[in-house]
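Subject: Structure for you to look at

Hello,

I am passing on the structure below, with notes on what was found in it. Please read the notes with the structure open beside them.

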Amino acid sequence: MLRIGRRFLCQIQIQHARHCHVPSSSISNPRLRLLTTMATPVASSSEPPQTAPTQDAKKAKETKEKKAKPAAASAFPLELQPPPAFFDHRLKIFEKLKAEHDEFVKAQPREDIIITMPDGSERKGKSWETSPMDVAKEVSKSLSERIVIAKVNGELWDLERPLEGACKLELLDFEHPEGKRVFWHSSAHVLGEASERHYGCHLCLGPPTDDGFFYEMAIEDRPVSATDYPALEKVSEAVIKEKQKFERLVVKKETLLEMFNYNKYKKYLIETKVPDGTSTTVYRCGTMVDLCVGPHIPHTGKIKAMMITKNSASYFLGDASNDSLQRIYGISFPDKKQLTEYKAFLVEAAKRDHRRIGKDQELFFFNEMSPGSCFFLPHGTRIYNTLLEFMRAEYFKRGYQEVISPNMFHSKLWETSGHWQNYKDDMFSLDIEKETWALKPMNCPGHCIIFGSRDRSYRELPLRMAEFGIIHRNEASGALTGLTRVRRFAQDDTHVFCMPSQVEDEISALFDFMQHVYGTFGLDFQLELSTRPDNFLGEIKTWDHAEDQLKNALEKQYPGKWEINPGDGAFYGPKIDISVRDSLRRSFQCATIQLDFQLPERFDLKYRGEDTTNPETRPVMIHRAILGSLERFIAIITEHFAGKWPFWLSPRQVVIIPVAVPYKDYASQVCERLKSVGLFADVDNGSDTLPKKIRNGEIAQYNFIIVVGEEEMNTQSVNVRNRDDIGSKVRAETIPLDEIAAKLVALKSSRSLHNKL
Ligand SMILES: [Zn+2]
Ligand SMILES: [Zn+2]
């Protein structure tokens, strides 16, 4: 199934992790591109080692212990003996061509060239001889050791590939996003080589991802298992130790087909991606020759630490009707210390896993009777509703109008909007009275109906139509993950209908809104503008004008702090993607701001303009969400706060504990008082001991624990312990009840991140 709809209308709420990159930038097949957007793998195929039926109980226990330490469990040899025949077959062709290539390079004229560095300084070199690495060594040894890839005239270039003429040269290290991608992509080759040597598998694609890389492969009659990881790591280690060079060659299509004749996947890629009569590149490292446009790190020895992280099942080109494949994921670093830090990060991330906190704090859960649709429990619902209240309060201040549109629409509407042609597979459709209907995957078409329901005047614009509509998207069951990938969710969705001249001001206002919202949660964010793609619809003039307005707004508010992603806009308009960064410095895409010239056209939306000679004009539509999917946003902030909710958002704000039985009534009174001013207060009048009750309150993450006894009762006061202030537990401060109630209300309305009275 081709899930092309992912890139279709209103991508406001993209539930996927950010796109990863295929090694071959020349891949133009949308199927292949889409495959790479599936950053979240489908269910793991890894299986525990089989326990033989003859084992007695003691032996079974031993096997169980071995599962925890899979190193000893694999019965397979480290490497196939003899190695697969295709190793030799590929290498013979490679070596012959390489000798020819070396002759060619030798024969090229050596001319003096000028190499311009990023700071404007110039260095001398010889064409077809001097490589970026030579230049780096000239600058300093430490630089040459640190860098992983070069950029020549803006194009990534292998460090040891000779320069062919005068050029601008940049040298990138692992910390540079492009350097990191090259590093991880190169590591995928190492994993590929190890996998070929261990399994004799047929490799497909090995791209870098946002947190490492994977290689996808077909292995006959053997599922990948976690018990294979140590063997793969061991072979990888040997590959790294050998400091295998990445050698590049340009090869003609017909030779490529011969070179990879044993592998139907590579053959498919060559046949469909490389036009007849042209060439592409292959890279060799060690025994492996791989179809790849590169570039790579100079040699495998640059990798100082590498780890296999997980495996999963997938389909060739992401299409369930194709062969089933297996993916192995890994991560690598140029420094051992970084792997240690990464492992610590994984431990911290696991502690913060929203699924775990959701269970511990009884916030939400899932049930197989409705996969991908969350059950929010009372305390989770408090968080959900507090988010809505927050957004509604902002809507009120910022001139938004909330609407409620239907959940189910006739297929005719989806034909008008274009969803039926492009997004049908991602929608849930129903047959009712012999007609086809579908649950909405987006609110936009419904809002177009509202806009078009009566005459509109330019005086009404901009019209900011907001809805927390429930939407359904048919995600594959294997792809569903906690609250981050669901089938049913709500967005803080808004469509702004405005005049073309109002776009810039609207975008500025959206930035202000966004900054306020993310700031409230203490989330950083990054902005990226995606411009006109090749398959754009409409007039170039309209596009240019819209892009200029977006650029102006970005530059005005975030000078120099946004990035441009040329040609990556939706076909119906340019967009700004916003990704937030949480307290663990992880990035998530929450919001997009998308300009749309097409939906107003499809729905024939008009407004009466100021100009009486041209009475009817099309509005521009801006799709926007800030939180994105509320479900996904709750997952993000659960992990961001590690379950320690700021007071205003906390589902458990205060617990009142009496020091002994005689003060139970007073504890209840205090609780009622705090509830009456709108706080989430509970009283613990159970039979546990006082220390146990306090401990329970701490585990439940109550922001404040109020303890009351004789003195408090007599003076109508309370004793307050602050969750985030250890000292408050011993200070035993007594505060009048009226005062604490007022202070807590003030703290709530301040929406402060700090739990401070
Ligand atoms: Zn490669
Ligand atoms: Zn929309």
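F365 belongs to strand β14, which covers residues 364–365. This is a predicted model, and in it F365 has 13 other C-beta atoms within 10 Å, so it counts as partly exposed; a buried residue would need 20 or more, and an exposed one 12 or fewer. Leaving aside residues up to four places away in sequence, F365 touches G358, K359 and F375. G380 is 15 residues from F365 in sequence, and the two C-alpha atoms are 9.6 Å apart.

The whole protein

The protein has 757 residues, of which 39% are buried. Its secondary structure comprises 24 helices and 34 strands. Of the contacts with a separation of 6 or more, 70% are between residues 24 or more positions apart.

Confidence comes next. The mean pLDDT is 88, and 90% of the residues reach 70 or more. Over residues 1–71, however, the pLDDT is below 50, although this stretch has 151 contacts in the model beyond near neighbours in sequence. Where pLDDT is low, predicted coordinates should not be read in detail.

Helix α16 takes in residues 503–521, 19 residues in total. From first C-alpha to last it reaches 27 Å, close to the 27 Å expected at 1.5 Å a residue. Which residues of α16 are buried? They are V503, E506, I507, L510, F513, M514, V517 and F521. These residues lie on the same side of α16, because the arc they cover around the axis is only 120°. After α16 comes G522, with a positive phi near 70°.

Helix α17 (residues 540–557) has 18 residues, which should span 26 Å at 1.5 Å a residue; the end C-alpha atoms are 26 Å apart, so the two values agree. Its buried residues are W543, A546, Q549, L550, A553 and L554. Why do the buried residues of α17 line one face of the helix? Seen down the axis, they fall within an arc of 130°, so they share one face. On the other side of α17, the exposed residues include I540, K541, E555 and K556.

What do the buried residues of α17 pack against? Helix α16 is one of the elements they meet. The others are strands β23 (524–530), β24 (562–565), β25 (575–581) and β26 (587–596).

A sheet of 3 strands

One open sheet has 3 strands in the order β9-β10-β11, paired antiparallel. Its edge strands, β9 (247–252) and β11 (288–291), each pair on one side only. Ignoring direction, neighbouring strands of the sheet are turned by 30° against each other on average.

Strand β10 (residues 279–285) pairs with β11 in the antiparallel sense over 4 bridges. Within this part of the sheet, C285 stands opposite M288 in β11. Helix α6 (residues 177–199) lies across β10 and β11, and it runs at about 125° to β11.

When you go through the model, keep in mind that residues 1–71 have a pLDDT below 50.

Best regards

Note on methods. Residues numbered from 1 in each chain as written. Chains lettered and ligands numbered in written order. Predicted model: local features only at pLDDT ≥ 70, side-chain atom pairs only at ≥ 80, totals over all residues. Helix = DSSP H or I, 4+ residues; strand = E, 2+ residues; numbered from the N terminus. Expected span 1.5 Å × (residues − 1). Arc of directions from axis to C-beta. Contact = placed C-beta atoms within 7 Å. pLDDT = per-residue confidence, 0-100. Pairing = 2+ DSSP bridges. Axes fitted to C-alpha atoms, helices over the stretch in contact; angles between N-to-C directions.
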